[in-house]
Amino acid sequence: MKKKVLAVILGAAMVASMAGCGGSNAKTTDTAESTETTDSTDDAESTDATEATDGESYTIGISQFAEHGSLDNCREGFLEGLKEEGIEEGKNLTVKVNNADADMGTASQIAQSFVTDNMDLICAIATPSAQAAYNAAMEKGIPVVYTAVTNPVEAELATEDKMPVGAVTGTSDQLPVEAQLKMIREILPDAKTIGILYTTSEANSVYSISQYEELADQYGFTLETAGITSSSEISLATADLLTKVDCLTNLTDNTVVSSLPAILDQANEKGIPVFGSEIEQVKIGCLAAEGIDYISLGKDTGKMAAKILKGEAKAEDMEYQLLTESNLYVNEKVAENLGITVPDSMNDRAVETFSEISEG
């Protein structure tokens, strides 16, 4: 029996009488209109796309929970993955993109609007959007493909054997927590306490906290956490947390990441390093991160979606996928500003190092 996941129930009241996202605070982008590829074109790529999809054209909705680098990379990778499988904007694909600005009620509105518009498929980026999309689409039979969902089982989108609970599948961005702890210990050999700020209503963050709690003492750390319910609480929670810790480490928490520049400002004033969870956070001022490649994650998701659109597979029969490799990223400018020496061995193995801090 199908059942709705629980985390977005509170947003349901905001969905009533919703025929679209008008009146919400969702950010909407309509991308290039779908056009049929004709026989007269001499573009090899267009010909390949036609052959790959048998002349079909598709309309999909992308529901992105928040606007920040890692989720943007997921979206970019998703469209690249579709393109590699012959499904491309402006040729045989129309895409509508909506952003919920880290608001669960708005994510529910977006999902309902996509169902009303009878999309061929919904791509949901981040756990709250995935839950909202599945809740809205499951009775209509519209497949949902998610990405950047840390734990699909905890989010009630999959079973313990990685199989979908319905027509919903995708990719997980589960954090390499142990690799992150090893990296922090190597850079800060004398550190004792790690702080983590997280949103209590984000299932992905709650799960990641449990992983840190399980592993932190194995690397000689104690853990201090600060739970928040909205972005308005971040400033005070950060200020309090910084009085208790030697460093902060970041999750892929959407509400927190959206406010990361402000968190970094507070931490820098106290000379406390902040570690990221992926490359974009390191670019804008985190010291280092062991993280996954979100472009690659998005590509994998796009390829899964292409199989569903082309009728090669059904969402309800596809296990969710998990990236198992992590990459090390280091920001040398941040290290210099904090007076921290990153071991040469780490710089040598880093996939990418940055010599400046970009604006978030």
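This report describes the fold, selected residues and side-chain interactions of a predicted protein model.

## Basis of the description

The model is predicted: local features require pLDDT of at least 70 and side-chain atom pairs count only at pLDDT 80 or more, while totals for chains, interfaces and linings use all residues. Residues are numbered from 1 along each chain as its sequence is written, and side-chain values use heavy atoms, with hydrogens and water left out.

## Overall composition

The protein contains 13 helices and 14 strands. Helices (H or I, at least four residues) and strands (E, at least two) are DSSP runs, numbered from the N terminus. Of the 360 residues, 53% count as buried; buried means under 20% relative accessible area, exposed means over 50%, and partly exposed lies in between (1.4 Å probe, protein chains only).

Contacts are defined by heavy atoms within 4.5 Å. Among contacts with a separation of 6 or more, 74% come from residues 24 or more positions apart.

## Strand pairing

Two strands are taken to pair if DSSP finds at least two bridges between them. Strand S9 (residues 247-249) pairs with S10 in the parallel sense over two bridges, and Leu248 stands opposite Val274 in S10. Cys247 counts as buried, at 0% relative accessibility.

Strand S13 (residues 327-331) pairs with strand S11 (residues 288-291) in the antiparallel sense over four bridges; Leu328 in S13 is the bridge partner of Glu290. Three bridges join S13 to strand S14 (residues 352-354), and these two strands run parallel. Here Val330 stands opposite Thr353 in S14.

## Burial of strand S13

Strand S13 is mostly covered, with five of its five residues buried. In a regular strand the side chains alternate between the two faces of the sheet. Both faces of S13 are covered: Asn327, Tyr329 and Asn331 are buried on one side, and Leu328 and Val330 are buried on the other.

Gln64 belongs to strand S2 (residues 58-64) and counts as buried because its relative accessibility is 1%. The side chain of Gln64 makes a polar contact with the side chain of Asp72 at 2.8 Å. A polar contact is a pair of N or O atoms within 3.5 Å; within protein, one must be able to donate a hydrogen and the other to accept it, and residues adjacent in sequence count only if both atoms are side-chain atoms. Leaving aside neighbours within four places in sequence, Gln64 is in contact with Leu71, Asp72, Arg75, Asn98, Asn99, Ala100, Ile125 and Ser129.

Asn99 lies in strand S3 (residues 93-99) and is buried, with a relative accessible area of 7%. Asn99 and Gln64 are 35 residues apart along the chain, and their C-alpha atoms are separated by 4.8 Å. The side chain of Asn99 reaches two backbone atoms: the oxygen of Ala66 at 3.4 Å and the nitrogen of Asp101 at 2.8 Å.

## Helix H6

Helix H6 (residues 203-215) includes Glu214, which is exposed, with a relative accessible area of 57%. Glu214 and Val177 are 37 residues apart in sequence and 10.0 Å apart in space, C-alpha to C-alpha.

Gln211 is also found in H6, but Gln211 is buried, with a relative accessible area of 14%. Leaving aside neighbours within four places in sequence, Gln211 is in contact with Gln174, Leu175 and Val177.

The structure holds zero disulfides, a disulfide being a pair of cysteine sulfur atoms within 2.5 Å. For Cys74, the closest cysteine sulfur is that of Cys123, 8.3 Å away and therefore too far for a bond. Cys74 is buried, with a relative accessible area of 0%.
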